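Let's take a friendly walk through this structure together. Keep the viewer open and follow along.

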Amino acid sequence: MAHRPDKHMVLSIFMITAGYHYDSWTMPGSRVEELGQFGLVKEMAQKAEAAKLDIMFFGDVSSAGRIPGADPTVSGHYEPFTTLAALSQHTSNIGMIATASTSFYEPYNLARLMAGLDEMSNGRAGWNMVTSSVGHENFGISEAGSSEERYRRATEFADVVTRLWDSWADDAMVCDRQAGIWADPQRIRPLRHTGEFFDVQGPLNMRRPVQGRPVLVQAGSSAAGLEFGSRFADAIYTTQPVKEDSMAFYRQFKGLVSGQGRNPESVKVIPGIVPILGATEKEAQDVMRNLGDHVNMASGRYLLENRLEMKLDEIDLDERIPASYWQQGPVKQSKSRWEVFRHLSEDKGYTLRELILEHSRGHGHQWVAGTPSKIADVMVDWFESGACDGFNLNAPYIMGGFDAICDLLVPELQNRGYFREEYEHSTLRGNLGLERPGAWDKQPASALQA
Ligand SMILES: Cc1cc2nc3c(=O)[nH]c(=O)nc-3n(C[C@H](O)[C@H](O)[C@H](O)COP(=O)(O)O)c2cc1C
């Protein structure tokens with residue numbers, strides 16, 4: 001009898017409405033004219049929910065980029081909170097993760113936005129806590145600050161937000177009409193927080209969120225990012241194109257989580273993957289070739305320049321990036337993704353054209369072209385090898401690439417017992433198998449600082 005796993009993968013899908021593969025929006029049949037319209041994301045959300053996916057994930061940035069409008073792929077077409085609040089009314093089980101920057105929000109308004117989304121979705125909200133290296137020019141901030149400083153702010157930010165959510169005991173609302181007591185002030189704790197970045201009196205002016213705390217997600221892989229993630233996150237998104245590296249990352253991260261006195265099982269490691277699917281191997285290779293044929297080498301060069309923080313205009317497409325260019329690492333961009341391309345160029349001998357193609361396909365993430373069975377083999381191997389707890393799925397093009405994930409890949413994983421056929425719970429915490437944290441009154445006195 002075939003092996004049946006005793007637990008299933010976490011599957012999240014990136015709601016990248018222009019398609020993850022750069023320039024796939026230029027293909028006939030793309031939905032590029034609809035970018036920013038509700039109907040498009042509603043259709044995607046409902047497909048993702050029909051496939052029983054755990055999470056739909058909305059990334060976000062607060063800047064139109066160096067050349068506004070140059071590329072629609074990773075752009076803020078959809079503001080996550082308003083979009084997810086609307087989508088919560090058209091879905092019932094799928095988790096909804098909103099990206100919001102600890103560099104630009106304040107803890108009090110972020111805590112309220114997330115608590116509101118958790119209520120509107122009946123316990124399906126999650127927050128991707130990012131620190132931002134771009135966009136400060138839109139917030140009256142002269143420069144982004146070092147990664148170390150941004151993560152210091154993020155740490156204080158997340159600490160204040162979680163304590164705001166915890167400030168109402170679950171039974172604070174007593175609604176005693178006879179006694180005229182709506183909520184018991186003794187069951188609501190102020191914060192009286194004074195820190196390096198924030199002064200927040202608290203308490204929150206909303207009752208405790210449905211999930212206690214909405215799910216916390218982290219997406220940075222630097223040392224400071226991992227430290228932050230291991231302390232707060234319930235899940236971590238990461239860029240891991242190589243299985244052995246992902247296994248090492250998994251062990252390291254779970255070790256850090258244990259070091260924080262937390263249960264490593266309760267934090268999910270979720271690398272990205274770009275499945276380029278076809279019903280047959282030939283069909284998948286044709287899809288990949290077609291996607292590659294649509295890559296605009298001029299904008300591809302520009303996007304790679306941004307990723308690598310290098311000027312590449314004098315390098316011929318069929319040359320390699322000179323070794324000297326790699327001597328200085330990135331200042332703003334993710335070091336781990338930069339390292340992926342350094343390795344391909346320096347160790348594997350990729351030309352600039354090959355690097356642009358690779359960047360267009362995966363943005364540094366693992367991509368696999370093939371049948372559902374071939375791609376499921378890779379995913380199962382990673383999962384069984386301790387390289388991940390699941391995947392963040394990036395559809396290479398919209399809508400066909402998204403449909404193929406939901407209609408071909410997910411059923412393959414379901415048939416093998418690696419993915420659910422029905423939602424087990426109505427909350428995101430429930431579906432991820434995470435506990436609901438207690439409010440201030442259920443925590444050790446040392447955690448309260450009130
Ligand atoms: C899958 C994934 C999704 C991400 N989404 C966003 C995003 O939507 N907005 C953003 O500003 N940063 C996003 N990031 C970037 C990270 O939050 C982080 O800033 C970046 O990885 C650099 O952090 P590090 O230096 O700790 O690696 C994402 C990263 C990953 C791996």
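In which loop is methionine 399 found? Methionine 399 sits in the loop between β13 and α12 (400-415). Before going further, please keep in mind that this is a predicted model. The peptide bond that joins isoleucine 398 and methionine 399 is cis, with omega at about 10°. Another cis peptide bond runs from glycine 202 to proline 203, where omega is near -5°. Proline 203 belongs to the loop between β8 (199-200) and β9 (215-218). In general, most peptide bonds are trans, and most residues other than glycine have a negative phi.

Arginine 192 is not a glycine, yet its phi is positive, about 55°. You will find arginine 192 in the loop between β6 (181-183) and β7 (193-194). Is arginine 192 buried or exposed? Arginine 192 counts as exposed because its relative accessibility is 52%, and the cut-off for exposed is over 50%. Histidine 363 also has a positive phi of about 55° without being a glycine. This histidine 363 lies in the loop between α10 (352-362) and β12 (366-370). With a relative accessibility of 1%, histidine 363 counts as buried, since buried means under 20%.

Now move along to helix α11, which spans residues 372-384. Its 13 residues reach 18 Å from the first C-alpha to the last, close to the 18 Å expected at 1.5 Å a residue. Which residues of α11 are buried? They are Pro372, Ile375, Ala376, Met379, Val380, Trp382 and Phe383. These residues lie on the same side of α11 because they cover an arc of only 160° around the axis.

Alanine 387 counts as buried because its relative accessibility is 0%. From C-alpha to C-alpha, alanine 387 and valine 32 are 35 Å apart in space, and 355 residues separate them in sequence.

Tryptophan 168 has its place in the loop between α4 (147-165) and β5 (173-176), and at 6% relative accessibility it counts as buried. A polar atom of the tryptophan 168 side chain lies 2.8 Å from the backbone oxygen of leucine 204. Glutamine 240, in the loop between β10 (235-238) and α6 (243-259), is buried with a relative accessible area of 8%. The side chains of glutamine 240 and threonine 238 are joined by a polar contact of 2.9 Å.

Finally, turn to the ligand. Which of the 17 residues around the ligand come nearest? The answer is Asp60, Tyr151, Ala219, Ser221 and Ser222. By class, the shell has five nonpolar, ten polar and two charged residues. Look at the backbone here: an N or O backbone atom of aspartate 60 lies 2.7 Å from a nitrogen atom of the ligand. A polar backbone atom of alanine 219 is 3.0 Å from an oxygen atom of the ligand, and for a polar backbone atom of serine 221 the distance to a ligand oxygen atom is 2.8 Å. On its own the ligand has 620 Å² of accessible area, and the protein covers 83% of that.

Notes. Residues are numbered from 1 along each chain as its sequence is written. This is a predicted model: local features need pLDDT of at least 70, side-chain atom pairs count only at pLDDT 80 or more; totals for chains, interfaces and linings use all residues. Side-chain values use heavy atoms; hydrogens and water are left out. A residue is near a molecule or strand if one of its heavy atoms lies within 4 Å of it. A polar contact is a pair of N or O atoms within 3.5 Å; within protein, one must be able to donate a hydrogen and the other to accept it, and residues adjacent in sequence count only if both atoms are side-chain atoms. Accessible areas come from the Shrake-Rupley method with a 1.4 Å probe; for residues, only the protein chains shown count as cover. Ala, Val, Leu, Ile, Met, Phe, Trp, Tyr, Cys and Pro count as nonpolar, Asp, Glu, Lys and Arg as charged, and the others, Gly among them, as polar. Helices (H or I, at least four residues) and strands (E, at least two) are DSSP runs, numbered from the N terminus. The expected span of a helix is 1.5 Å times one less than its number of residues. Buried means under 20% relative accessible area, exposed over 50%, partly exposed in between (1.4 Å probe, protein chains only). The arc is that of the directions from the helix axis to the C-beta atoms.
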